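Please look over the sequence and the model shown here.

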Amino acid sequence: MPDINTPETAPQGALIAIRLPVWWTFGGLIAGLLAGLAIADSSQADTVLAIAQPTGSLWLRALQMTIIPLVAALLILGITQMAQAARAGKAARLMLGLVFAVLVLSGTVTVLAMPALLTIFPIPEAASGMLAANTGEAQQVPAIGDFITSLIAPNVVAAAAETAMLPLTIFFAMFALAMGQLPEEQRQTLLRFFRALANTMLTIIGWVLWAAPVGVFALAIGVAARSGGGAFATLAHYILSVSAMGACVLVGAYLLAFAVGRIGPLRFARAMIPAQAVAISTQSSLASLPAMLASAGTLGIRERTADFVLPLAVAIFRATSPAMNLAVVIYVAALAGVELTPMLMIAGVAVAFIISIGSVSLPGSISFVVSIGPIAIAMGVPVEPLALLVAVEMLPDIMRTLANVTMNVAVTAAVDRSTQD
């Protein structure tokens, strides 16, 4: 994770970084599951759940309230950063083209592969306890004409009130692109405003996530009381299923390095071992940057290409975001019995693609909430299970970082080869 910046110490123009109680949150999950198992079918269950469920719900609501303003600010900052990068020359434009292609492909592979994976390896039967008793109204499936019309919101404020995430993300993306056409002074004024808004929301969500051990503990008690020991099996099944989609991106990195970068898979694999070891141990693409630069040198990638592309990739590119974020939403949809039509899948891929631009510099727990929440809302999938799944995000995050680091070097190799030609 990046060095920790507080609102007082963050450099001007930088987003604050927040250190989160990841292990305490994981401990709260395990403790809550064990406590729920202990009180299941006992006379104390109703009394304990009468306190635990409102506590967990309160924490979940606090988590949800920052999503829209934080997504708006991060999207505008992220797209502005990409637009600035596109002006840096041919190599930057080529890199951004590869970034867009990888993000779209990673999301598309997941919407095709994840449902098939869950058919072959179905969710454990006891998993229904992962959901609260009331998950909301059934999703209304729009006709194709209604879906196309819904892409543009006639009233952005009303769309925000209704949490209509797809038209909101499209509006924020258009807003960011329009900012690039403003005079420099006006553009910088807006950037300072949205950076301040992002830092304010990050501070609030940081406070909420510091209470995650308590909130997750309260939610886990109810889950274990409803589903018993099946909760542990469900979480293990979830971790493996979502990580499998990250593994698809990892394999894609080797294919890209071979097909475009003209580097053999074995040579690429040997050169990537040091960077992958750092990625697994730190779970941070930024911390892996020196090792990625060393791997690029071992592969014979020109230094000027690596010195430009890799830092930019760390700043604006996270290859696994659409794949693994969509995998989480599809898993929760299967858990809740929500039917995902092709239109909803397309909406999910679109939101996942846009959202991935704005969350690349955030810690895993915050990125999990900010990135996956809007996708779930856009696809009509309940967000309640996300509050529990965030407690085990550190395990799939190993695959996220491993695949991201590998894809960053693969994209660098592809850019280097293409600019040579």
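## A patch on the surface

Leu34, Leu37 and Phe232 together form a nonpolar patch on the surface, with about 240 Å² of accessible area between them. Patch members have over 30% relative accessible area and no salt bridge, and nonpolar side chains are joined within 5 Å; a salt bridge puts a side-chain nitrogen of Lys or Arg within 4 Å of a carboxyl oxygen of Asp or Glu. Areas come from the Shrake-Rupley method with a 1.4 Å probe.

Leucine 37 is found in helix α1 (residues 22-39), and this leucine 37 counts as partly exposed because its relative accessibility is 33%, where buried means under 20%, exposed over 50% and partly exposed in between.

## How the model is read

This is a predicted model, in which local features need pLDDT of at least 70 and side-chain atom pairs count only at pLDDT 80 or more, while totals for chains, interfaces and linings use all residues. Residues are numbered from 1 along each chain as its sequence is written, and side-chain values use heavy atoms, with hydrogens and water left out.

## The chain and its core

The protein chain has 18 helices and zero strands, helices being DSSP runs of H or I with at least four residues and strands runs of E with at least two. Of its 421 residues, 53% are buried.

The largest nonpolar core holds 134 residues, and Trp59, Phe317 and Met407 have the most contacts inside it; such a core joins buried nonpolar residues through side-chain atoms within 4.5 Å. Helix α3 (residues 67-86) gives the most to this core, with 13 residues.

Technical notes: Buried < 20%, exposed > 50% of the residue type's maximum accessible area, 1.4 Å probe, protein only. Patch = residues over 30% accessible without salt bridge, like charges linked within 9 Å, V, L, I, M, F, W, Y side chains within 5 Å.
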